[in-house]
Amino acid sequence: MFEVLPRMAPDALLGLIVAHRNDTNPKKVDLGVGIFKDEEGSTPVLSSVKKAEKIIWQTEETKSYIPPGGTPSFIAALTNLVLGADHKVIKESRVRTVQSPGGCGALRAAAEIINKANPEAVVWASNPTWANHVPLLSGAGLMMKEYAYYDYDSHSLSFDAMMNDLKAAKEGDVVLLHGCCHNPSGADLSDMQWEALVPMLKEKKLIPLIDVAYQGFGRGIQEDAYGLRLMAANLDEVIITVSGSKNFGLYRERTGAVIYIAADAKTAEIIGSQAEKIIRGIWSVPPSHGAAIVDVILNNPELKAEWEGEVAYMRRRITDMRALFVKASAEQDMDFSFINDEYGMFSFLGITPQQVKILASKYAIYMAVSSRISIAGINPKNVEYLVASLKSVIRSS
Ligand SMILES: Cc1ncc(COP(=O)(O)O)c(C=O)c1O
């Protein structure tokens, strides 16, 4: 049976990790992988996470299954973190949250429920969007289309073109939005643009699917939730997928959730039952450890304050590295000032695939072929080398 299967091309981004690892150049720079790194290039376990793990180790009495929909205290705490504890949809019992293995699990579970409720729904995704959105959503059987989003020439969001493309969406279609820190462009919707989207979605009866993988990495934990909270407050139906991989540093622990918001409490309850049924047919019950850590942190005021401080550190480091890179580039007569206007882990340099290739082969500087860079790969020790190499590649091609 297996002989009919063709070999698949290796994942390009995972290939970058291997190429960087095997490169013996002592000056090598990894701008490929989408994980947070400190000044030393490491991704240590957060201190708040270590403390929560100690508490879990001391108090956990069983490893038996948790419910398919997840642990109630985790679900409540995460919902409050994302929506804000006093959000009207929580008071109106219009919310059902289910735990998932990471943001990817959340996206797939959401896609399955959309497909079950409305197989005709098209998911509209930004051009560009995170590459894995496509297999995660279309793999559930959903059709996908693109709306214009990032303009590579002006290095900014083309909101008019986005609104124009979404005119072609039909009632019941789903619009995939990045809650903050757009991956791969870093170009986020402004508060005013979120506000402009609400009446359009309402009028055309489109449902937002808001992917929140970097809450706290952009402007702040509360600020980064502005758009999704606005949509939840003004629209009948909203789906929010959440990842705890980045802001809790729990990448391998597969921690996430889907927040479903329905028009009324009764429908929300029905969605909860549907979501659990779908989960039973995919991963049956979610992994517990990462969610248990988040549960302990968010329900312990001291640990929560420590975690907020750690998120602030990660956010500051990313913002500082953006500024450092822009300044160092300007000193070499290169204008990358648009990078200071973008948020989160990623931005496009805007160089050609050929230039990306030369940076890797000649200078051991690795990034995605689209020239998307992971900002956390920059540090004060490598920025001069990075900028000098970039200048020489740009000037000679
Ligand atoms: C935009 C976006 N959504 C979702 C995810 C999913 O993250 P995970 O499944 O690792 O929690 C990522 C991870 O890189 C992402 O960038």
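Reader: How far apart do the C-alpha centres of domain 1 and domain 2 lie?
Author: In this predicted model, the protein is divided into domain 1 (2-44 + 315-395) and domain 2 (65-299). The C-alpha centres of domain 1 and domain 2 lie apart by 28 Å.

Reader: Which element gives the largest share of the side of domain 1 that touches domain 2?
Author: The contact takes 16 residues from domain 1 and 19 residues from domain 2. On the domain 1 side, two or more residues each come from α12 (301-331) and β11 (346-348). The largest share, 3 residues, comes from β11.

Reader: How many residues on that side of domain 1 are nonpolar, polar and charged?
Author: The side in question is the one where domain 1 touches domain 2, and its residues are sorted by class.

Reader: Why is strand β8 described as largely enclosed by the rest of the structure?
Author: Ile 207, Leu 209 and Asp 211 point one way from β8, while Pro 208, Ile 210 and Val 212 point the other way. Residues on both faces are buried. Strand β8 (residues 207-212) is largely enclosed because the buried residues number 6 of the 6.

Reader: Which residue of β8 is the bridge partner of Val 174?
Author: Strand β7 (residues 174-178) runs parallel to β8, joined by 5 bridges. Between the two, the chain passes through helix α8 (residues 191-204) in a right-handed β-α-β crossover. The partner of Val 174 in β8 is Ile 207.

Notes
Residues numbered from 1 in each chain as written. Predicted model: local features only at pLDDT ≥ 70, side-chain atom pairs only at ≥ 80, totals over all residues. Domains from an automatic or database assignment. Contact = placed C-beta atoms within 7 Å. Helix = DSSP H or I, 4+ residues; strand = E, 2+ residues; numbered from the N terminus. Nonpolar A, V, L, I, M, F, W, Y, C, P; charged D, E, K, R; others polar. Buried ≥ 20, exposed ≤ 12 C-beta atoms within 10 Å, placed from the backbone. Pairing = 2+ DSSP bridges. Right-handed = clockwise from strand over helix to strand, strands pointing away.
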